[in-house]
Amino acid sequence: MTEQTDAPKSHLKVVLTSLAVVVAMVLFVFYVLRPMYYLICEWTGITGSTFETAEAQPFEVQTDRPIRVQFLATNNATMSWQFRPVQTEVIAHPGELIQVSYYAKNASRRDMVAQAVPSLTPFEATNYFLKTECFCFNQQPLASGEDTEMGLVFQIDPDLPDWVKTITLTYSLFDVTTASGTARLDK
Amino acid sequence: MTTTTHDHHDDHAHHGPAKGLARWLFSTNHKDIGTLYLWFSFAMFFLGGVFAMVIRAELFQPGLQLVEPAFFNQMTTMHGLVMVFGAVMPAFVGLANWMIPLMIGAPDMALPRMNNLSFWILPFAFAMLASTLFMEGGAPNFGWTFYAPLSTTYAPPSVTFFIFAVHIMGASSIMGAINVIATIINMRAPGMTWMKLPLFVWTWLITAFLLIAVMPVLAGVVTMMLMDIHFGTAFFDAAGGGSPVLFQHVFWFFGHPEVYIMILPAFGVVSAIIPAFSRKKLFGYSSMVYATASIAFLSFIVWAHHMFTVGIPFAGELFFMIATMLIAVPTGVKVFNWVTTMFRGSLTFETPMLFSIAFVVLFTIGGFSGLMLAVAPADFQYHDTYFVVAHFHYVLVPGAVFSIMAAAYYWLPKWSGRMYNETLGKTHFWLSFVGVNVTFFPQHFIGLAGMPRRIPDYAVQFADFNMVSSIGAFLFGASQLLFLFIVIHTIVAGKKAKAKPWDGAEGLEWTVPSPAPFHTFDTPPKVD
């Protein structure tokens, strides 16, 4: 074998291109995959969980269309507060502005901070359930032994699909005492 | 391909290997580094195997006999992590190091120093991971899929070491992959055109692209965990507005291509061995290449089939179900080609061929149970049961692991210059074959009957099949000691091997003497 190869090809181009792919994929996780997940969640309403404040809309109230809205409360993991809806159920008419509230009491011996996370069933109704005021928008501190009523004002968009007759809204209460002060990540 | 007789009187230009430990520590030689990778993965195979034996011993009978449930969870987690990242992946990188330069007629890998680095960070990663077993709070106990918040809010303190170990493994894999890509793109011998590349080289090239695409995703997801645990972010913490389901999406966006990273090189191995022992050319070479590329592409759009039960919308279930079933088409093309290669061939059944045929049969069984799992409505029943365990062990053990064993028997004469003992090899095969099936086949039944995975105790109606499964596992585990013996026996006392010990084998690797000299193809061979 006497044949000589051409001058060895430079590996630099291949290595740099590959490294660019690697860096791009890391950025992809943080800046594309994660935002895309939230965009899809928001668009479909699938998690039933919106934190956005909605403006009250001047809808015409559909008095002939009663929608049952049920309220549930769950304590997450080790959360020790008493937490329950004041009204477990209301009849809402699309377009109506309705105020309800949840009761919370910190029966523990230490001062605590809580965060409520909403979830709504059926998820197809999520984007038609407008919360103009919600205690889930903010963290709730309570001193030991203190209690409070936390408000929720909502309005149902009259475009709500016809088949939806009942909406169930559940709040999970998380203990964020150690993590309080940490801002919720921007979506 | 022409055969070339390589001239080995070029000692003036090259010194031989360094003496003693320095040879291995500072090696930039693809053969030495390949050997290091292979021995390392062999060691991890036994470590992960010991964890598996603990699991099967505890499950031998219902009730809690040997270990605490908390320790059992650490065993399932460590078994999965060590086998995936320590045994299977480094074994294939070792094979790539040894064989790719020999197969394409290159003198070494493209980036020899990076090659050294990518190997030598691995022992540190696994030492760190294994050391968590001795830490307060124990080793990671959240399963190899480390779903948040189990792996964040509720994780033992050792999770931080786990995260850094995964970072190091990822860096190693990325460097290894870049090396493979640069080698295959730039260093093919003259005349070695794309469609003449041996299939093992093709499958590794595609695997390397998968690696550089998804290992950064894995690094990203563990970095998010690290930030959630230590820096107060809430990527996966619902209380802070994050989402545990996001974790699963990001993890499986890595995790599904990862399973093809573990099987595509196996396809390459059996595509080399089956033609050699059928004494025929591989049937449908180009369709094999396109099928491999199709599988790689599809692997990016099927990840949510691992998550059918988290509550994705109906349209999503439908899309991921159909996309997943689509993978059966290129995989079916491959199985068809292997079977057709054997059809009317003059077959002989040496150990590498036995492992390869078992691969085709048993991997196909694993593929079929995968199709069952792909059916979204059915998956609601199968999800997180032993049926899933049976499925992925069928594709990984008699799939990936059998192909690695086949490769070891097939190329051991080239690596060591000596033949293994055929009787011992066949004994090892039959023990492994029986062991694997006795272990994992009953797991289909107990899974369908409803036994959940990752539990240390179970309802009594599953007792018989679990005992059978454990006996199979002990048999399979013990027969790997025979494998270790065979490898050592070959290296120490095997009969001298010819340059081409398999008369039907093809490829440039058989044109160099056995054992392959320290430096090969300094002058590139001519391929026509």
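Predicted model: local features only at pLDDT ≥ 70, side-chain atom pairs only at ≥ 80, totals over all residues.

Trainee: Let's start with helices. At what angle do α6 and α7 of chain B cross?
Mentor: Roughly 155°. Helix α6(B) covers residues 159–186, and α7(B) covers 199–230. Their axes come within 8 Å.

Trainee: So are α6(B) and α7(B) roughly parallel or roughly antiparallel?
Mentor: Roughly antiparallel, because angles over 145 degrees count that way. The crossing of α6(B) and α7(B) is left-handed.

Trainee: What residue classes make up the contact of α6(B) with α7(B)?
Mentor: There are 22 nonpolar residues and four polar ones. No charged residues take part in the contact of α6(B) with α7(B).

Trainee: Next pair. How do α3 and α15 of chain B cross?
Mentor: At roughly 30°, with the axes coming within 11 Å. Helix α3(B) spans 69–104 and α15(B) spans 386–416. The two are therefore roughly parallel. Their crossing is left-handed.

Trainee: Which residues make the contact between α3(B) and α15(B)?
Mentor: From α3(B), take Val88(B), Ala91(B), Leu95(B), Trp98(B) and Met99(B). The α15(B) side includes Leu396(B), Ile404(B), Trp411(B) and Trp415(B). By class, the contact of α3(B) with α15(B) has twelve nonpolar residues, with no polar and no charged ones.

Trainee: Switching topic. How many residues does each chain put into the contact between A and B?
Mentor: Chain A gives 28 residues and chain B gives 34.

Trainee: Which element supplies the largest share on chain A's side?
Mentor: That is α1(A), with 13 residues. Both α1 (12–44) and β5 (112–121) of chain A supply at least two residues each. By class, the side of chain A that touches chain B has 18 nonpolar, six polar and four charged residues.

Trainee: And what does the domain assignment give for chain A?
Mentor: Domain 1 is 10–44 and domain 2 is 67–175. The C-alpha centres of these two domains of chain A lie 37 Å apart.

Trainee: Last one, Leu481(B). Is it buried or exposed?
Mentor: Exposed, because Leu481(B) has 12 C-beta neighbours inside 10 Å, and 12 or fewer counts as exposed. Leu481(B) is in helix α17 of chain B, residues 463–493.

Trainee: How far apart are Leu481(B) and Gly80(B) in space?
Mentor: They are 20 Å apart, C-alpha to C-alpha. In sequence, Leu481(B) and Gly80(B) are 401 residues apart.

Definitions and conventions:
Residues numbered from 1 in each chain as written. Chains lettered and ligands numbered in written order. Axes fitted to C-alpha atoms, helices over the stretch in contact; angles between N-to-C directions. Helix = DSSP H or I, 4+ residues; strand = E, 2+ residues; numbered from the N terminus. Parallel < 35°, antiparallel > 145°, perpendicular 65-115°, else oblique. Left-handed = near helix turned anticlockwise from the far one by under 90°. Nonpolar A, V, L, I, M, F, W, Y, C, P; charged D, E, K, R; others polar. Contact = placed C-beta atoms within 7 Å. Domains from an automatic or database assignment. Buried ≥ 20, exposed ≤ 12 C-beta atoms within 10 Å, placed from the backbone.
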